[in-house]
Amino acid sequence: MGIRERLSGNEAAAIAMKQINPDVVAAFPITPSTEIPQYFSTFVSNGEVDTEFVAVESEHSAMTACIGAEAAGARAMTATSANGLSFMWEQIYIASSLRLPIVMSLVNRAVSGPLNINNDHSDAMGVRDAGWIMLFSESNQEAYDNLLMAHRIAEHKDVQLPLMVCQDGFITSHSIENIELLEDDKVKSFIGEYKPEHYLLNRDEPIAVGPLDVQAYLFEHKYQQAEAMRNAKKVIAEVSKDFEELTGRKYSFFEEYKLDDAEIAIVCMNSTAGTTKFVVDELRSKGIKAGLLKIRMFRPFPSEEIAKALSHLKAVAVLDKSDSLNGAGGALFEDITSAMYTNKAQVPVINYVYGIGGRDTTSTDIESVYTDLAEIATNGGTNDFYRYLGLRK
Amino acid sequence: MNDLIEIRWHGRGGQGAKTASLLLADAAFNTGKYIQGFPEYGPERMGAPITAYNRISSTPITIHSNIYEPDYVVVVDDGLLDVVDVTAGLKESGAIVINTTKTGDELKSKLKDYKGSIYTIDARKVSIEALGKYFPNTPMLAAIVKVSGIMNEDDFVKDMEGSFKHKFAKKPEVIEGNMKAIKLALEQVTKIN
């Protein structure tokens with residue numbers, strides 16, 4: 001049953017890529033994701049994979065090379081962070097609109113400026129409407145597992161969308177932790193071969209990829225992209241179920257940690273969810289009914305399911321590791337509150353912007369959020385809903 | 001989580017504190033534990049103060065933050081005693097292990113209000129004797145294993161031999177010296193308070 005190992009999050013992502021053995025990897029180094037292509041290029045030079053590794057001169061070229069490879073009919077992967085993703089920006093939209101199931105490791109880091117190399121989610125939040133499936137990972141294990149599921153989801157005929165697997169820069173990418181790996185042959189048979197329906201190197205079906213899409217067609221193509229994103233929910237559920245049968249590790253759209261009988265709860269993503277679990281356990285031992293909803297599937301966003309899962313609570317706090325700088329609230333907060341409003345879940349919700357630029361988020365910080373929530377649960381809602389956690393004032 | 005042990009390393013960029021924390025994680029992993037080993041990242045400069053961390057537990061570890069109330073602190077460079085509050089949050093039931101030649105009284109005066117145990121080792125002497133060069137991380141790794149008792153010493157020695165054979169596959173000439181550094185450090189770490 002699996003291989004007991006200890007790896008950093010970056011090592012875990014690189015090992016997943018080795019086991020996936022994609023046709024093409026094109027990447028340009030940027031902290032903190034640099035190690036992923038670095039380790040992977042070692043696998044290439046040692047002959048452990050038969051991937052064509054393209055050492056491009058920029059992230060824009062990395063994404064462009066992945067687009068070319070996928071359009072040709074190959075399986076392509078890349079990895080980046082922060083400004084690397086910013087530099088890919090134009091091509092990010094091309095990849096999704098051409099319906100190319102590229103898989104990316106996004107090791108989350110603050111987008112400059114001012115220049116900062118540490119973790120927050122501003123890179124991921126910047127591309128949340130770019131038509132990519134976005135899965136978030138609490139740990140090295142989840143980053144690994146999400147990557148193993150990625151191609152089955154992205155390449156499914158009802159989806160055909162690019163997918164990014166996010167994990168927290170340094171916090172998980174550079175921390176050595178226990179992990180359970182799958183055997184190579186099990187990964188290979190789980191993922192299967194990539195058989196695209198239409199591709200450039202098919203001599204029997206000459207096609208054009210990426211020509212001008214005029215007024216008469218673009219709207220319909222965008223609708224198809226939106227439909228594909230809606231379809232992805234069902235496919236993610238199916239693939240996650242198959243993965244659970246293979247590994248025993250259960251993945252849903254989101255994880256509910258001690259949520260069903262909770263009165264107050266935090267909603268967050270990535271590594272902070274682990275710290276929150278630690279705090280939930282401590283509070284539970286004191287008789288406080290605290291819970292957690294950890295988002296795994298951020299795009300597509302499971303609005304209805306989340307609203308239902310939060311509807312019984314007395315107060316909810318949404319933690320955003322990126323400030324939308326819009327005077328209204330963080331991106332996750334806006335998604336959660338809109339999900340709750342449209343699904344008639346009437347629960348007071350507050351927002352905390354936290355952990356910006358690598359500001360450490362401690363168990364004490366998380367505990368203070370639950371203290372605030374307990375106060376709201378007792379005394380009712382508040383207009384002071386846009387807050388900061390761990391900010392020096 | 002009752003048996004969770006948290007360790008904080010203070011060193012200077014280039015001394016190998018990060019590597020030592022990863023080796024400690026490795027060794028504890030090999031005894032069946034759940035582990036974390038991670039440095040605090042910034043724009044590292046050679047010689048600048050750096051911090052690294054370990055968590056070791058017999059149950060899964062989910063917490064992902066730095067360590068503020070460690071059970072043990074390892075100081076790889078005693079010059080840091082003047083510039084970093086190395087005992088901040090250190091539990092009095094725990095201990096601090098310092099690479100130094102300073103006397104107990106000197107150390108106590110530098111550590112001011114700290115009431116817990118103090119251990120010292122002259123990692124420079126150990127390293128020069130074993131390796132002919134100054135690499136303080138291997139002796140400090142052995143010292144914290146001895147002081148914390150997180151694993152049996154014999155198991156640790158055997159495990160490190162395996163790790164070094166793997167780590168130094170292309171430099172086998174340094175394996176013997178590193179093993180000697182481990183053994184000397186296990187003998188020479190001294191409790192002064």
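Start where the two chains meet: select the contact, which takes 20 residues from chain A and 17 residues from chain B. Two residues are in contact if their C-beta atoms, placed from the backbone, lie within 7 Å. Which element gives the largest share of chain A's side? That is H9(A), with 5 residues. Color chain A's side by class and you'll find 4 nonpolar, 12 polar and 4 charged residues. (Ala, Val, Leu, Ile, Met, Phe, Trp, Tyr, Cys and Pro count as nonpolar, Asp, Glu, Lys and Arg as charged, and the others, Gly among them, as polar.)

A quick word on what you're looking at: this is a predicted model, where local features need pLDDT of at least 70 and side-chain atom pairs count only at pLDDT 80 or more, while totals for chains, interfaces and linings use all residues. Residues are numbered from 1 along each chain as its sequence is written, and chains are lettered from A and ligands numbered from 1 in the order in which they are written.

Next, select E8(A) and strand E2 (residues 34–39) of chain B, which pair in the antiparallel sense over 2 bridges. Strands pair if DSSP finds at least two bridges between them. Zoom in on Glu177(A), and you'll see Gln36(B) of E2(B) opposite.

The C-alpha atoms of chain A fill a box of roughly 70 × 55 × 45 Å along the principal axes. Of its 393 residues, 53% count as buried, meaning 20 or more other C-beta atoms lie within 10 Å of a residue's own C-beta, placed from the backbone.

For the inside view, pick Ile153(A), Ala265(A) and Val267(A), which touch the most other members of the 173-residue largest nonpolar core. Such a core is a set of buried Ala, Val, Leu, Ile, Met, Phe, Trp, Tyr and Cys residues joined through C-beta atoms within 7 Å. Around Ile153(A), find its partners, including Ile133(A), Leu163(A) and Val239(A).

Finish with chain B, which has 6 helices and 7 strands. Trace the chain from the N terminus and the elements run β-α-β-β-β-β-α-β-α-α-α-α-β. Of the 193 residues in chain B, 47% count as buried. Its C-alpha atoms fill a box of roughly 45 × 40 × 35 Å, taken along the principal axes.

How values were computed: A residue is buried if 20 or more other C-beta atoms lie within 10 Å of its own, exposed if 12 or fewer, and partly exposed in between; C-beta atoms are placed from the backbone. Helices (H or I, at least four residues) and strands (E, at least two) are DSSP runs, numbered from the N terminus. Lists of a residue's contacts leave out its neighbours within four places in sequence.
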